[in-house]
Amino acid sequence: MRLATALVGRDGDRPELRLFLMSDAVVAGLPNQVDGSGNGLQGLMELLVNEGVPIKLCRTCALARGLAELPLSPGVSIGTLPELADWTLQADKVITF
């Protein structure tokens, strides 16, 4: 998410971003999350949403962690594998960590 916020903060040639969180990263879609140093992950999510970045959480990953029925941060939604496949095919570049 920090890389995504750096990319949306670029002057001039800003790339189109889409964020699809998987595995334990889906927890970041819940409200009031902070990282190990006390920085607000919700603040990063809000910044990205306000910049028009679609953010989806892997449905299977969210279900496995009991998160699929919980309220998510505004602008964050549950995504599916077909949506990820479409995003991947539409992308010029895919970055994963």
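Buried means under 20% relative accessible area, exposed over 50% and partly exposed in between, computed with a 1.4 Å probe and protein chains only. The model is predicted, so local features need pLDDT of at least 70 and side-chain atom pairs count only at pLDDT 80 or more, while totals for chains, interfaces and linings use all residues. Residues are numbered from 1 along each chain as its sequence is written, and side-chain values use heavy atoms, with hydrogens and water left out.

**View 1. Ile95 and a nonpolar surface patch.** Ile95 lies in the segment after α4 (81-90) and is exposed, at 59% relative accessibility. Together with Leu3 and Phe97, Ile95 makes a nonpolar patch of about 400 Å².

**View 2. The buried residues of helix α2.** Leu41, Gln42, Leu44, Met45 and Leu48 are buried in α2 (residues 41-50). These residues line one face of the helix, because they fall within an arc of 160° seen down its axis. They pack against α1 (2-8), β1 (19-21), β2 (55-58) and β3. Just after α2, Gly52 has a positive phi of about 85°.

**View 3. The surroundings of Ser73.** Ser73 sits in the loop between α3 (59-64) and β3 (76-79) and is buried, with a relative accessible area of 2%. Leaving out residues up to four places away in sequence, Ser73 touches Gly29, Leu30, Pro31 and Gln42 (contact: heavy atoms within 4.5 Å). A polar atom of the Ser73 side chain is 3.5 Å from the backbone oxygen of Leu30.

Terms used. Helices (H or I, at least four residues) and strands (E, at least two) are DSSP runs, numbered from the N terminus. A polar contact is a pair of N or O atoms within 3.5 Å; within protein, one must be able to donate a hydrogen and the other to accept it, and residues adjacent in sequence count only if both atoms are side-chain atoms. Patches are made of residues with over 30% relative accessible area and no salt bridge: like charges are joined within 9 Å, nonpolar side chains (Val, Leu, Ile, Met, Phe, Trp, Tyr) within 5 Å. Accessible areas come from the Shrake-Rupley method with a 1.4 Å probe; for residues, only the protein chains shown count as cover. A salt bridge is a side-chain nitrogen of Lys or Arg within 4 Å of a carboxyl oxygen of Asp or Glu. The arc is that of the directions from the helix axis to the C-beta atoms.
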